[in-house]
Amino acid sequence: MPDLIEIDRLSKRFGAFTAVDDVSFRVAKGEVLGFLGPNGAGKSTTMKMLAGFVTPSSGTARICGEDVVDNPVAAKRHLGYLPEGAPTYPEMTVEAFLAFTARLRGYRGSEMRDRVAHAMGLTTLEGVRLQPIETLSKGFKRRVGLAQSLLHDPPVLVLDEPTDGLDPNQKHEVRRLIKQMAPEKAIIISTHLLEEVSAICTRAIIIARGTVLADATPAELAHRGPSLDAVFRDLTMPKEKA
Ligand SMILES: Nc1ncnc2c1ncn2[C@@H]1O[C@H](COP(=O)(O)OP(=O)(O)OP(=O)(O)O)[C@@H](O)[C@H]1O
């Protein structure tokens, strides 16, 4: 399977602080990579660099072979990105926001309407399509963000905490959707939920203080200790000085 995401020696410094430190990995079509780490580990910053919202200090990131710094428009064409938090334009209705995003993606007329309807169907938003985004619950807002990332059916998805704020039923639905899309795409999800990794990820990267500490299948990671939870703690908790 081809590598649709290629990250080589990527770093990001904010002043004297290094948020992402020499990170390299690849994600092939068919893989769902879980990006795990404690708060402040550098997950969102890495995803923002992939999405072109933060410029790397050094290293490269390519999506479907397109460098995100040198060819940002081409790279973004292949990418669906769900940022952390709620979608912008809170006063827009769900449908108007998705139509606006679809127009930005270059769709017009019936194709635009079909794309919006399909994305709302995938994320079960039809019931709230005429509601302003600001009046929605956190879980619904998250799903509007997800719908926006799926509009152009991109081969690469970078989803920053896709199930954050969802109730257990909604979590189940979003995980089902990710699994269903997985064979045709390369997907990265960041999460704090270790059960999510076992449920949908084919591979997991554990990152802390900007550095990759492990890159393996969930089963391989779980075998390194009594549980995935214990392995995560052992890798990411700062060690006591002797
Ligand atoms: N624009 C910025 N300026 C300065 N520091 C930043 C900036 N963006 C992020 N950081 C810092 O970089 C580090 C990594 O942040 P990042 O948001 O990537 O972590 P994360 O792993 O996504 O954390 P969380 O799980 O809490 O979302 C943090 O210490 C954060 O405060």
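Tutor: We'll take the overall build, then a sheet, then some helix packing.

Student: What am I looking at, and how is it numbered?

Tutor: This is a predicted model: local features need pLDDT of at least 70, side-chain atom pairs count only at pLDDT 80 or more, and totals for chains, interfaces and linings use all residues. Numbering starts from 1 along each chain as its sequence is written.

Student: How many helices and strands in the protein chain?

Tutor: Nine helices and 10 strands. Both are DSSP runs numbered from the N terminus: helices are H or I with at least four residues, strands are E with at least two.

Student: And what's the radius of gyration?

Tutor: 18 Å for the protein chain, which agrees with the value near 18 Å for a compact globule with 242 residues. The radius is taken over C-alpha atoms, and the globule rule is 2.2 Å times the number of residues to the power 0.38. The C-alpha trace spans about 65 × 40 × 35 Å along its principal axes.

Student: How many bridges join strand 1 to strand 2?

Tutor: Eight, with strand 1 covering residues 3-14. Ile7 stands opposite Phe25 in strand 2.

Student: Helices now. At what angle do helix 3 and helix 5 cross?

Tutor: Roughly 25°, with the axes of helix 3 (residues 94-104) and helix 5 (residues 138-150) coming within 10 Å. Axes are lines fitted to C-alpha atoms, for helices over the stretch in contact, and angles run from 0 to 180 degrees between N-to-C directions. That makes helix 3 roughly parallel to helix 5. Angles under 35 degrees count as roughly parallel, over 145 as roughly antiparallel, 65 to 115 as roughly perpendicular, and the rest as oblique.

Student: Which residues make the contact?

Tutor: Val94, Phe97, Leu98 and Thr101 of helix 3, with Val144, Ala147 and Gln148 of helix 5. Contact means C-beta atoms, placed from the backbone, within 7 Å.

Student: And helix 3 with helix 4, what's the crossing there?

Tutor: Roughly 125°, with axes within 9 Å; helix 4 is residues 109-122. That makes helix 3 oblique to helix 4.

Key. Two residues are in contact if their C-beta atoms, placed from the backbone, lie within 7 Å. Two strands pair if DSSP finds at least two bridges between them.
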